[in-house]
Each structure stands twice: as structure tokens, then as C-alpha cells.
Amino acid sequence: MLNCNDYILVTITKKGEYLEKYVKLLKEKNLKITPQRIKILKYVDTHRTHPTADEIYSSLKKDIPSLSKTTVYNSLDILKKHGLIKALSICGSEHRYDFKNDMHHHFLCKKCGRIYDIEFKCPNIKHIKGEIQSSGHHIDEVHGYFIGTCNDCIKKVEK
Ligand SMILES: [Zn+2]
Ligand SMILES: [Zn+2]
């Protein structure tokens, strides 16, 4: 695991292009280090807007003209399987991707479709997890979804 100091160090030494962080993450999972995987990880990490696979593809295509959609889909799948990124299915069938560094919840605005990160500690989560695990189930992930109208969209209506 990278700690805060590693992160700062890597950021300072590489300025903007702090790719070592992603190389390290791939290494930790014994995954093959490819420029595509590094770019995808970096994109998801630096665009916390929960992009779709298509958005990731179109943005990276400008940088890597040889990039194929299949590579993006396959890489996202592998990164997801190894827990480096999360796929949110909050919008139904289309997955939205998120960098997995901490646990947070999501708020979906049904008007503009933006997904906001919601950080809060749920005091009951330990208790609920305990209840579920006591019946023999094992929990890998916890997802919290909230759906409504974001403050931006509310402001637009009020104007
Ligand atoms: Zn909105
Ligand atoms: Zn998120």
C-alpha cells in the first residue's frame, strides 16, 4: 500500500506525470505493466467524475492513437478484478469507473447524471457487517447509493 508520504514524494519527483504510483499498484497485484493499463489507471485516478469505458477510450485515444476499444474494456476488467478500480452500476447497465483507494459512497443526480463522491463514516456498518457475516456470508465490498438532484441542477431551476 502507498501511504501519503509516498504519494507526495512520487508527485514531486515526477510532477504531473507521477506514473510510478500506478506501476507500483500493478506490481503489487503481479499484473503485467503495460502503458495502456498505466494510462487507464491514471485517467480514472485523476478524473474522479466516474467516467464510462467509452469516455476513457475517447480521451486516451488522443494520446495513444493505436488504442483499441477492446484493450480498454479488457484492461478495465482486469483492473477491476484485481481491486484497483471499482465499477459502479448505479446508472443501470452502463458501468462507471472509479479509482479504488478508500471506501466512499455515491450520490447520483438523476437530472445531469453526474455521480458525486460522498464521504462519511457509517457508525452502524460494523454492526451490520457482523450480522451478515455471522450467518456465514463473506463481504468483499459495501456500496452505498443515494439518488436525487444535485445542488447545481437545483440552482439552475431556481434561476
Ligand atoms: Zn445534477
Ligand atoms: Zn466515487
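A crossing of two helices is called right-handed if the near helix is turned clockwise from the far one by less than a right angle, and left-handed if it is turned anticlockwise. In this predicted model, helix H3 passes helix H4 in a right-handed crossing.

**The helix pair**

The axes of H3, residues 35-46, and H4, residues 53-63, come within 11 Å of each other and cross at roughly 125°. On the H3 side, the contact is made by Lys39, Ile40 and Tyr43, while H4 contributes Ile56, Ser59, Leu60 and Asp63.

Elsewhere in the description stands a sheet. An open sheet is formed by 3 strands in the order S4-S3-S5, with mixed pairing. Strands S4 and S5 stand at the edges, and each has a single partner strand, so one side of each is left without a neighbour in the sheet. Neighbouring strands are turned against each other by 25° on average, direction ignored.

| Strand | Residues |
|---|---|
| S3 | 105-109 |
| S4 | 115-118 |
| S5 | 145-148 |

Strands S3 and S5 run parallel and are joined by 4 bridges. Within this pairing, phenylalanine 107 has phenylalanine 146 in S5 as its bridge partner. In general, strands of a sheet pair through backbone hydrogen bonds, in either a parallel or an antiparallel manner.

Definitions and conventions:
Residues numbered from 1 in each chain as written. Chains lettered and ligands numbered in written order. Predicted model: local features only at pLDDT ≥ 70, side-chain atom pairs only at ≥ 80, totals over all residues. Pairing = 2+ DSSP bridges. Helix = DSSP H or I, 4+ residues; strand = E, 2+ residues; numbered from the N terminus. Axes fitted to C-alpha atoms, helices over the stretch in contact; angles between N-to-C directions. Contact = placed C-beta atoms within 7 Å.
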